[in-house]
Amino acid sequence: MHGVNGPHFGEGRVPEDLLIQAMAATSEISLIADADQKILHVSDSFVNITGYGREEALGRNCRMLQGPGTDPETTAAIRHALTAGTPFNGEILNYRKDGSAFWNALRITPLRSASGAVTHFVSVQRDINTRMALHEQLRFQALHDQVTGLPNRAAMGERIRLLLGSGPAGEHVTAIGLIDLDDFRDINNSYGHEAGDELLREWALRLQGLLRDGDVLGRMGGDEFLVIFRDIPPADAEAAFHRLLEPLLEMAGTPFLVGGSDVTIGMSMGIALLPAEGADDAAVLRVADEALYAVKQRKADRVQWWELGAPVGGEPDPDVTGDDGPVGPPEEIGRSYRRALDTGVVVYLQPVVDLRKGGVHLFEALARLELPGGRLAAPGEFLPHLDAADLDRLFSRVLDDSLDRFSAWYRDGVCDGISVNLPPSVLLRPALVGDLAYSLVRHGVPARCLTLELLESDSVDSEAQSEVLQEIAGLGVGVAMDDLGAGYSSLKRLSTLPFTTIKLDRDLLAGIHTRPTDALSMIATLIQMGRDFGMKVVIEGIEDRSVAEAVTVLGAALGQGYYFCRPIPAAEVPAFAGRFGEAFHPNRFRTHLGALAYHWQFARLGSPHPRELADCPLSHFLSAVGSPTDVERWHAQQHDGRAVHLGAGQLMVDWLVQQVRLAAEQVSALPVAGAS
């Protein structure tokens, strides 16, 4: 009997007693079972780790090791593999004879006879208790604030989602209170961040001591906290909160010892009642945030430190506006944007198109933040105010939203790919690769359909970040370098990191209508570099047909820009994908820039045009635009196989450059729509 590539025994190649002796001596837990899954042999390590004697194990099923914490889905997968006679690889929680649990990495391999029938199963189990303990430690850290030990923003968001999914409990509802400590920045500035952290810890301990059983306190970041209040009577919520919150205000009025001084600190809170149905956590947090904003605006002359917000899903407060961006000190502006991360992340999509086939290659997910009042803030506005933890949350929200929407588009044949921007700081998240794999499975999205875009201008300095990128690529997820040409040591990064796509920075096209040959030279070089590395190349910033023609002539297959489509709401994606079909051909062009790109690719090499004059794409173009006789003659000389006419070739370049510039000047002179 034998496995696919394993050693034969009992057939004269490896003596059976020698093989069993070798397996008994291995440090890993190993056993052999017959086709009916009855144990025939166990290793010494099996006896030592499980506590079962050899005689106790022989003849029994391996299910003897399973217990109350063993995952039913894992055991079902094992049964399926055994029944089908296929290998199994996975992790399982097993139990020793004394009832204590231990984690194993389990591998089961079926052995077959010469006729192909399964005769035995070989099971090898590796003790991964230490790794799983570390995993649990990292999981705790991922869900708890490092300063106070409270549940963090991610954990509290998950609790709210679970509460919304479970529906109301009897006649009472759950409420959330978003708390902001007043003027906490002044304490940090006066006493230092360590003293500020100590105040936050003491404040959190005091508040927890005043909450009821079942209420939960978490830290959202900075000086923002969130409380989940259970069992609130919706018809008498105001009176209930008056009674419930009075001790909290008294607590805040008691001084804190900070840097040897007594310090008091105020607080403001906005409250939202969870609706029975029809809302998500973002909507609930938005109501609480708007109520908090309103009560902070009245901080100087208010009589109450908290406010109950409007019903979730109801009409917004007409007094709360947000047509302009946040104003105030940088810390307050940053806080406003961080609040919007919980309540107003909106994903817009912009297509990357196949220039030659005329279809959508994929859609890139682009984040916007909806501010109070409904205005959408673009990344250039809010990204400078976000720290690493904020960027991590933004990435998670955009990824989840994008995969959720894409799964439906993929099933309906709308598009075959989605890309999401990846801040390099997110690569330091301990469970990133596992979270990414889980998200793909949960949404039913093949890994090959997802691309993560890493800005070239962002640094990937640590070996750990590089290793995580390699692991992401190992999942089958594409990795793109975005904005190539905008910053860091691109060649080194391209050769050492697992990029599958490069996206050329839109600024490379900025001078294409005024210094076209310089721009064409740079683009052609980078396209060729992408080919040399075996990567897809996307040209960003295509804003008119002439540029689309030129880059197609130079060999680009993929493009993105306002000429094809601006970023659009998710609801408009299926319609756009269904109607878009504009394709380009490297030997067909209607603009002078396209013609220049075609001629320049030969002129720069001192090469004649390869086709017969009558069949040359440039002949058809020059005839269509009514070019001067001299230009027709210069072009004809490019097809003279007897001599190289470099001068005529340069004259052609100069004339075409002049036409490109004239066309650009004519466009810039056109009146702007709506101008008086």
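Tutor: In this predicted model, Tyr 348 has Pro 569 of strand E22 as its bridge partner. This belongs to the antiparallel pairing of strand E13 with E22 (residues 568-569), made over 2 bridges. E13 is also joined by 2 bridges to strand E21 (residues 558-559), again in the antiparallel sense; in that pairing, Val 353 stands opposite Gly 559.

A further partner of E13 is strand E14 (residues 360-370), and these two strands pair antiparallel over 9 bridges. Here Pro 351 has Phe 363 as its bridge partner. The hairpin that E13 and E14 form has 5 residues between the strands, and Gly 358 takes a positive phi near 80 degrees in this hairpin.

Consider next how far E13 is covered. Strand E13 spans residues 345-354, and because 8 of its 10 residues are buried, it is largely enclosed by the rest of the structure. A residue counts as buried here when its relative accessible area is under 20%.

The largest has 105 residues, of which Leu 450, Ile 472, Leu 504 and Ile 539 touch the most other members. Helix H13 (residues 388-411) gives the most to this core, with 8 residues. Domain 3 (350-363 + 390-578) and domain 4 (592-667) each supply at least three residues to this core. Beyond its neighbours within four places in sequence, Leu 450 is in contact with residues including Leu 399, Leu 403, Val 477 and Gly 478. Apart from this core lies another, of 36 residues, among them Phe 225 and Met 267.

Conventions: Residues numbered from 1 in each chain as written. Predicted model: local features only at pLDDT ≥ 70, side-chain atom pairs only at ≥ 80, totals over all residues. Heavy atoms only, no water. Buried < 20%, exposed > 50% of the residue type's maximum accessible area, 1.4 Å probe, protein only. Helix = DSSP H or I, 4+ residues; strand = E, 2+ residues; numbered from the N terminus. Pairing = 2+ DSSP bridges. Core = buried A, V, L, I, M, F, W, Y, C linked by side-chain atoms within 4.5 Å. Domains from an automatic or database assignment. Contact = heavy atoms within 4.5 Å.
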